[in-house]
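Trainee: Before we discuss any labels, could you show me the structure, so that each term can be set against its definition?

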Amino acid sequence: MYHQLSQALEATWRDRYGPDEDLPTEQEIVQKFNVSRITVRRALDEMMADGTIWRPKTRGRLRWAPVKLKHHVNRLRGFFSDDALASGHRPSARVIEVAQGIWTTANRYLHLPEEAPCYRISRLHESDGRPLSYQVSFIPCDVCPDLLLSDLSGSLLQMLESRYGHVVDHAEQRLLVREATAEEANLLQLPLRSNVFEVDRVSYAQGGRPVEYFTAALDVTRYEFVSSMDALRPEDLLAPRSPWGR
């Protein structure tokens, strides 16, 4: 019965409530459909479990769950902007900080000497005013000597190509799930101790030089990852190892 109720609720609500409107309360559902509160709770739990609805605030009113962004793992470009547009979102990037310095971890991934300077660009990716991901990018200073004069609110890969002539044709990427830091939880508007997707990527220009390393924390409720797979070819066994040793 609760499964039938969840289907009836979704069909009834779709045309009446928008993504930013509160959905009816348990008591309102009980009165309208003349069912028990236990049945209502199980129906709502089912809808929350399959990602149809969610509760933005603890003990708050239910709303439609945001549409997730489908990221194609095997596609080099469009990690934030293209996939967001394809999912019906209106993406934007807000630059939080740009700094110049030496970062040991970034230099290792970028195959740079320990003392080589890099730019560190931290940005918050948003859609319709809501945070999606927090990204920190590292770019060697000699790759973009006047980077501080560039527009950093768009695609950094497109900037590398159009402004500096570095065409990125390969990348190595790692995906994992971990607990958000306090800073990430604050920027992404998540409860403390929430999980996030962490995506790390090293992008290589034609000729094999690494030109960008970034690490990003993504709201797990807003993303899903899609990949395609082919049978292993003999030449793939000779492919270079990833920077993470796998």
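Trainee: How many bridges join strand 8 to strand 9, and do they run parallel or antiparallel?

Mentor: This is a predicted model, in which local features need pLDDT of at least 70, side-chain atom pairs count only at pLDDT 80 or more, and totals for chains, interfaces and linings use all residues. Residues are numbered from 1 along each chain as its sequence is written, and side-chain values use heavy atoms, with hydrogens and water left out. Nine bridges join strand 8 (residues 195–205) to strand 9, and the two run antiparallel; two strands pair if DSSP finds at least two bridges between them, so nine bridges qualify. One of the bridges links Tyr204 to Pro210 of strand 9.

Trainee: Why is strand 9 called largely enclosed by the rest of the structure?

Mentor: Nine of the ten residues of strand 9 (residues 210–219) are buried, so the term applies; buried means under 20% relative accessible area, with a 1.4 Å probe and protein chains only.

Trainee: What makes helix 1 roughly perpendicular to helix 3?

Mentor: Helix 1 (residues 2–13) and helix 3 (residues 37–49) pack at an angle of about 65°, with axes 8 Å apart. Because angles of 65 to 115 degrees count as roughly perpendicular, helix 1 is described as roughly perpendicular to helix 3.

Technical notes
Axes are lines fitted to C-alpha atoms, for helices over the stretch in contact, and angles run from 0 to 180 degrees between N-to-C directions. Helices (H or I, at least four residues) and strands (E, at least two) are DSSP runs, numbered from the N terminus. Angles under 35 degrees count as roughly parallel, over 145 as roughly antiparallel, 65 to 115 as roughly perpendicular and the rest as oblique. Buried means under 20% relative accessible area, exposed over 50%, partly exposed in between (1.4 Å probe, protein chains only).
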